[in-house]
Amino acid sequence: MNKWHKIKKTDLQKYVSRLAEKWEVWIPRLVDGKWEFGIYDGARDLDLPESIIDVSLKNLFFPKRRAIATFDENSKWSLQPVSPERRPRIILGLHPCDAAGIEYMDKVFLQSEYKDVMYKNERERTILVGMLCNKMGDDCHCTDRGLTPDSTSSMDVAFVNEGEWYFFRSLTDKGKRIMESKYLKETDEGPTKNEWPAGKYSIASPEEFMEMYDDSIWHELSDICLTCGICTYACPTCVCFLVADEKFKGKGERVTVWDSCQLQSYSRMAGGQNTRKTPASRVRNRTLDKFAYSHLRYGRISCTGCGRCIMVCPLKRSFPQLGARLSERIREKEKERTKVPAESKEE
Amino acid sequence: MKELRKKIKELFENGEVDAVLGYREDPATGGVKAAVFKKDETLDDMVFDGRCIQNLVNYLPTLVARYRKVGVVLKGCDGRSLVTQLVEHRISKSQIIALGIGCEGVEIDGREAEKCGDCATHMSPVADYEFGEKEEKKEPTFARVEEIEKMSPVERWKFFADYFAKCERCYACRQICPSCYCEICIADQQEPKWIEPSAKLSANTMWHLIRAYHLAGRCADCGECERVCPQDIPLRLLNNALEKAVHEMFGVRPGTVPEEVPPLVVLNKDDPDRILEGKNE
Amino acid sequence: MQIDKEPKILAILCKWCSYAGADLAGTSRFAYPANVRIIQVPCSGRVDPVMIFKAFVEGYDGVMVSGCHPGDCHYGTGNYHARRRMAVARRLLQFVGVHPERMHFTWISAAEGKKFAEVCGQFTDRLKMLSGTERTLARKELAT
């Protein structure tokens, strides 16, 4: 285990400025009242949120719209691969749920049969410097999803905000590269460990979820859902995309664009058939994808408990609450099932 | 509220309605949520107050398919929405019992909603039963639209481009709109592909222009699109601009007069040619 | 930003009157600017404002729509519908910042070859008066 290094809070800005000379440094910033990641330019004082960052960093690895190839008139419309961005970068101040989201995206894009080279490149050029949360936000429920606000998996460097100090510790060889600085001093002390309360939305197991596939409860769960796509866009682990060719005045790009299973057009096939025409079937797809399919395919449920879907929902509906309601229903069903044989025995 | 509950109970007992669409207290969030009340269900947690901003008309088409007769709690603006649905024959009035409530304004995050400041219909234009105060009608001022109209074209485009660029194309505005009900939305249409799927300025501009245009003369200004927009794009502004234009050119204010046909589906041989020049006088 | 001095104009013309009018302009050897690209539609009632929006977004400087004179529509009433639609589309485009001079809606009959040439000439001249920044919405910023 690498040793802790501490840095005075007032020195952090200087340290980051120094890093920014060599690297592209991304930090959370407040834009229109929302925290989102942006490139550090030294124009503003560094301020790091203690809890959830409103906009997930999915966009930094798997952008909303990314060109994968270009074509133009001169090349007779043949596809030219896009040259990837190589400049090394640091993402500083991400939280454990963000790191967990990246861990899941790695599984999808890098550890499956088909590897996404663009994603791989983004991943390789990035050092993740995670900040452990000091508190849990209103909608946070990572403790229900096998994480805690101080989990460090997938991070290259982790740091803790405590009193007047930040405690840094490198976790990978990649992370060591940014630890040599006059501002960081090795220390034998370490941050204190926190106790975290359990979240509000505990859920049943993936196998139990799968058994609910044909249940009538989906109609109840989707009753007022608008089936807009915003929860999937805000989600750090929703990675569906579609491929489109876009042309503008003599040149064009082949792009991947985020898609959402909540939209009706998502499952529409040639000839107009649609396998998920009702809101209930679309809500079922997303719920089961988060809590069951992902587990069956990648060995881990894909909900990280960040709570962004609750924050963005136009109707302020809670997706995890929906999972919790479903689990409740599973338990009810279980009870009914165990009851029946007992009664039949008496007869 | 008491009267409303009493009336609903009465309607259930007489078998006049099978379900009532209203607002229910939601203890989990401290807000209210849309809910369907059925016979023999308690009405105690039914509410109507400033938090009841959601337009319920959007849920009606699915409900009338399921129930013979549906009661619906309507604010003034929702009533206008209902009228637009009735004139387009999406819902038949024979299946609806409209419970109009004299609305004193609704709020977003504890502050009065912007649409309420300019509200001209406190009571639903269609109501089988009316509850509460009925305020006097007045003309909307379109102050926000006029502010934009004072700007030069370049300023206007800058104003809107900044917003359009932010759009994520989640289509919440489309999904919540009672008047957006195409079987296949033009944004989802594959051939011809008028609107590219990616969230970039040009495609977003197409989407917002088309959305606004398709609602011209049909939008009843319930303001739900703007409320649900996660990027706070002033969608109501576009709708209002066209509402104003349609009123100036054709003298129609959508949703205020029951049975009035949307102006863009009918023709009038006497329309003056000057409207093509963008002039009113 | 570099802009083309010569504005590009899209003219959407109805098959029965305006397109025939353009034809007549050609056969009568009336000169009209080469800035105009013509699309023929069966009737001005066929013109969906979506086409106009798309033309601006794709980079046209001006869009012109023309059909039969009121009362002369081959299909009876197509141009009355078109008049309402175009009027609303114009108001919307103007509202989001498209310069009013960049749209032109008019009636040209099959006999009015001269009028077609004049309208095209005047429209082109008016567009040339606009500066590059005033031709919003057709700019490079829309490429991505």
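## Where chains C and B meet

In this predicted model, 34 residues of chain C are in contact with 31 residues of chain B (contact means that their C-beta atoms, placed from the backbone, lie within 7 Å). On the chain C side, helix H2 (49-57) and helix H3 (78-95) each supply at least two residues. H3(C) gives the largest share, 14 residues. Helices here are DSSP runs of H or I with at least four residues, strands are runs of E with at least two, and both are numbered from the N terminus.

What kinds of residues make up the side of chain C that touches chain B? They split into 18 nonpolar, eight polar and eight charged. Here Ala, Val, Leu, Ile, Met, Phe, Trp, Tyr, Cys and Pro count as nonpolar, Asp, Glu, Lys and Arg as charged, and the others, Gly among them, as polar.

Most residues other than glycine have a negative phi, and most peptide bonds are trans. A:Thr227, though, has a positive phi of about 50°. A:Thr227 sits in the loop between helix H7 (217-221) and helix H8 (230-234) of chain A, and it is buried because it has 23 C-beta neighbours inside 10 Å. Buried means 20 or more other C-beta atoms within 10 Å of a residue's own, exposed means 12 or fewer, and partly exposed is in between, with C-beta atoms placed from the backbone.

B:His89 also has a positive phi, near 55°, in the loop between helix H3 (76-87) and strand E5 (96-101) of chain B. B:His89 is exposed, because 8 other C-beta atoms lie within 10 Å.

Finally, the peptide bond from B:Glu191 to B:Pro192 is cis, with omega near 0°. B:Pro192 lies in the loop between helix H7 (172-176) and helix H8 (201-214) of chain B.

## About the numbering and model

Residues are numbered from 1 along each chain as its sequence is written, while chains are lettered from A and ligands numbered from 1 in the order in which they are written. As this is a predicted model, local features need pLDDT of at least 70 and side-chain atom pairs count only at pLDDT 80 or more, but totals for chains, interfaces and linings use all residues.

Conventions:
Contact = placed C-beta atoms within 7 Å.
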